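Please read the following briefing alongside the sequence and the coordinates. It is grouped by topic and gives the cut-offs behind each term where that term comes up.

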Amino acid sequence: MVYLTRKAEFSASHLYHNPEFSPEENRRVFGKCNNPHGHGHNYTLEVTVKGEVDPRSGFVVDLKRLKEVMHREVLDAMDHRFLNKEVPEFLHQIPTTENIAIAIWQRLVTKLDRATLHRVRVYETPDLFVDFYGEA
Amino acid sequence: MKAHLSRRYLFSASHRLHSEEMSAEENQATYGKCNNPYGHGHNYIVEVTVSGQVDAQTGMVCNLADLDGFIEQEVLARYGHENLNTMKEFAQEVPTTENLCIQIYEIVQRGFLHAHLERVRLEETMMNSFEYRG
């Protein structure tokens with residue numbers, strides 16, 4: 001079994017707000033992330049797949065195909081978007097880094113043909129990142 | 001769903017690697033430059049990974065402000081700009097980055113109750129890092 005990781009970057013804006021909370025509670029729980037007009041990040045995405053090395057190609061996965069899938073399923077939808085307003089998963093769910101990692105996993109997991117998705121890592125900043133392994 | 005959240009923090013401290021149980025020659029042979037008598041310092045980066053169910057109300061494993069507050073108070077304020085050899089946890093133990101990593105793990109494990117601690121990773125320099133999972 002070999003693990004292969006491909007990185008990508010996207011930039012997007014978001015805000016944290018739960019309509020079930022009062023304004024005070026939103027402010028207390030989410031702090032500056034609750035500022036009403038949103039703010040942005042340069043996100044780094046790392047997608048790790050695993051599989052056996054194909055004896056003919058020497059590949060776990062065709063990187064070009066993986067890159068295309070990441071672009072089509074994730075970057076086209078999220079890059080230079082306001083996540084709360086433009087990405088369906090976040091119309092009714094807060095686009096925290098945790099939820100972004102889960103959403104990306106769900107977008108990719110059925111779209112990889114040869115390899116198995118192992119991990120989605122999303123860096124919101126170089127000092128903050130979330131890993132999702134598809135665990136319930 | 002269960003996710004892992006990792007956060008990186010920086011602190012600077014000095015140490016000297018020296019064991020009272022070894023002769024001067026053995027200390028020198030074991031620790032090399034790290035045994036120089038007046039110590040030396042590093043910019044340490046501590047990477048803390050916690051895990052848990054993503055809360056449906058907040059979308060979070062735990063509130064980052066709680067984790068930051070805890071680490072700042074219990075780890076960064078404790079070790080930042082200190083000489084590790086003078087601290088009580090290193091009175092009997094050499095302040096290698098292995099031992100410091102274990103100490104930090106135990107502080108977080110004991111005191112941070114908002115999520116499950118998965119691991120502490122400590123970078124001594126860009127070239128060296130250590131990881132402890134309990």
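The contact between the chains takes 18 residues from chain A and 16 residues from chain B, where two residues are in contact if their C-beta atoms, placed from the backbone, lie within 7 Å. This is a predicted model, in which local features need pLDDT of at least 70 and side-chain atom pairs count only at pLDDT 80 or more, while totals for chains, interfaces and linings use all residues. Residues are numbered from 1 along each chain as its sequence is written, and chains are lettered from A and ligands numbered from 1 in the order in which they are written.

**The side of chain A that touches chain B**

- The elements that give two or more residues to this side are H4 and strand E5 (128-132) of chain A, helices (H or I, at least four residues) and strands (E, at least two) being DSSP runs numbered from the N terminus.
- E5(A) gives the most, with five residues.
- By class, this side has nine nonpolar, five polar and four charged residues; Ala, Val, Leu, Ile, Met, Phe, Trp, Tyr, Cys and Pro count as nonpolar, Asp, Glu, Lys and Arg as charged, and the others, Gly among them, as polar.

**Strand pairing across the chains**

- Four bridges join E5(A) to strand E1 (residues 2-15) of chain B, and the two strands run antiparallel, with pairing requiring that DSSP finds at least two bridges between them.
- Within this pairing, A:Val130 stands opposite B:Leu5 of E1(B).

**Helix packing in chain A**

- Helix H2 (residues 63-78) of chain A packs against helix H4 (residues 97-108) of chain A at an angle of about 125 degrees, with their axes 10 Å apart; axes are lines fitted to C-alpha atoms, for helices over the stretch in contact, and angles run from 0 to 180 degrees between N-to-C directions.
- The contact is made by A:Val69, A:Glu73 and A:Val74 of H2(A) together with A:Ile104, A:Arg107 and A:Leu108 of H4(A).
- These contact residues divide into four nonpolar, no polar and two charged.

**Helices of chain B**

- Helix H1 (residues 24-31) of chain B is hardly covered, the count of buried residues among its eight residues being zero; a residue is buried if 20 or more other C-beta atoms lie within 10 Å of its own, exposed if 12 or fewer, and partly exposed in between.
- B:Gly32, whose phi is positive, near 55 degrees, follows H1(B).
- B:Ala77 is found in helix H2 (residues 64-79) of chain B, and B:Ala77 is exposed because 12 other C-beta atoms lie within 10 Å.
- B:Ala77 and B:Phe11 are 66 residues apart in sequence and 8.8 Å apart in space, C-alpha to C-alpha.
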